[in-house]
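Here are some notes to read beside the model.

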Amino acid sequence: MPSLPPLLGARRAPTDPSGETAREDSGAFDAALDDTELRTARAALAQGRRQAARSLLVHTGDDWDRRGHRLTVLAKDPYAAAWASDWLAAEPGSADATGLLALALVHRALRGKEEPDRAREACDRAAALAPADPTPWLGRLLLARALGPEHEVLAAFTELRRRHPEHHHAHHLLVARLAERPAGGRFEAHEVYDLAELAAADAPADSPLAVLPVVAYAERYRVLAATGLAPADPAASGHWSGPRARRILRACFDWWLEWEHDEHPRRHIDLNHLAFALSCAGRPAEAAALFQRIGDHATPAPWAYAHPEPLAAFHEARTRALGQ
């Protein structure tokens, strides 16, 4: 992938955070998605039993996308920092316990319950214990995406990508932040689209980063709708009707039909983005195939970008597509 374009300008769009921090408080969304082992470990950790989480992370190994997904989900629990601290007291020097503590402090900082500097320092300690692991840098990127200046976003992404060039979560975070840059010129001309297409082209043929251009369109719609530059109804916005959008949707849907590796831990996030885009573009037959594959694994993003009740938006679009 060529060098990243600079994030130009000092002013950020006055929008809510991207779907990486979209609310899950209804209880209907589960960040664990279809990872049953993760759910089991999370439930055990909630009861003060860390062995299941310890075993889960050991067996995850260097599957970096899965490790990042699992640590992030475990860390979202309000008590995760306390659990990780107890674990670390019992096993000083544990990279897994240190990583969980770092991500837990990151999520506390994102909720306004922790000083961001303390979370950054925890990520740095985790990175020092496991230099090859991109996950501590995922923590730094989560902080930078929401709270930091642009140079921190690029620095964290660069470190993360050096360790895992196709890191799924990292690319989504970068695209979400880049989509907030001011645009000029033609309707479909924005650096976020260029970056997403470059990343997709540079990734291996079986990488889910193939869907990143669709994610970029959803993130850009989020910004346009929040700033009043696009209608609140995404289907009426024309956002997915331009030639570039149509080409991207066709390419990404065709790629999905050919994809043979249906075990990526965050694949349902991609499927929700693609189903959302196809629904907004008025292509219910294609969206129906995706809704069938998604099943009950709805994700807050991108449905939260178009509706104050994202689960209701998901169900409405699924009902229309499936003709129920």
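1. The chain has 16 helices and zero strands; both are DSSP runs numbered from the N terminus, with helices (H or I) of at least four residues and strands (E) of at least two. This is a predicted model, in which local features need pLDDT of at least 70 and side-chain atom pairs pLDDT 80 or more, while totals for chains, interfaces and linings use all residues. Residues are numbered from 1 along each chain as its sequence is written, and side-chain values use heavy atoms, without hydrogens or water.

2. Of the chain's 324 residues, 55% are buried, meaning under 20% relative accessible area with a 1.4 Å probe, protein chains only. Among contacts (heavy atoms within 4.5 Å) between residues at least 6 apart in sequence, 68% join residues at least 24 apart.

3. Helix H4 (residues 80–90) and helix H5 (residues 95–110) have axes that come within 8 Å and cross at roughly 155°. The axes are lines fitted to C-alpha atoms over the stretch in contact, and angles run from 0 to 180 degrees between N-to-C directions. H4 is therefore roughly antiparallel to H5, a label for angles over 145 degrees.

4. Where H4 meets H5, the residues in H4 include Trp87 and Leu88, and those in H5 include Leu101 and Arg108. The residues of this contact divide into 10 nonpolar, two polar and two charged; Ala, Val, Leu, Ile, Met, Phe, Trp, Tyr, Cys and Pro count as nonpolar, Asp, Glu, Lys and Arg as charged, and the others as polar.

5. Cys123 is buried, at 1% relative accessible area, and Cys252 is buried at 3%. The whole structure has zero disulfides, a disulfide being a pair of cysteine sulfur atoms within 2.5 Å.

Terms used:
Buried means under 20% relative accessible area, exposed over 50%, partly exposed in between (1.4 Å probe, protein chains only). Angles under 35 degrees count as roughly parallel, over 145 as roughly antiparallel, 65 to 115 as roughly perpendicular and the rest as oblique.
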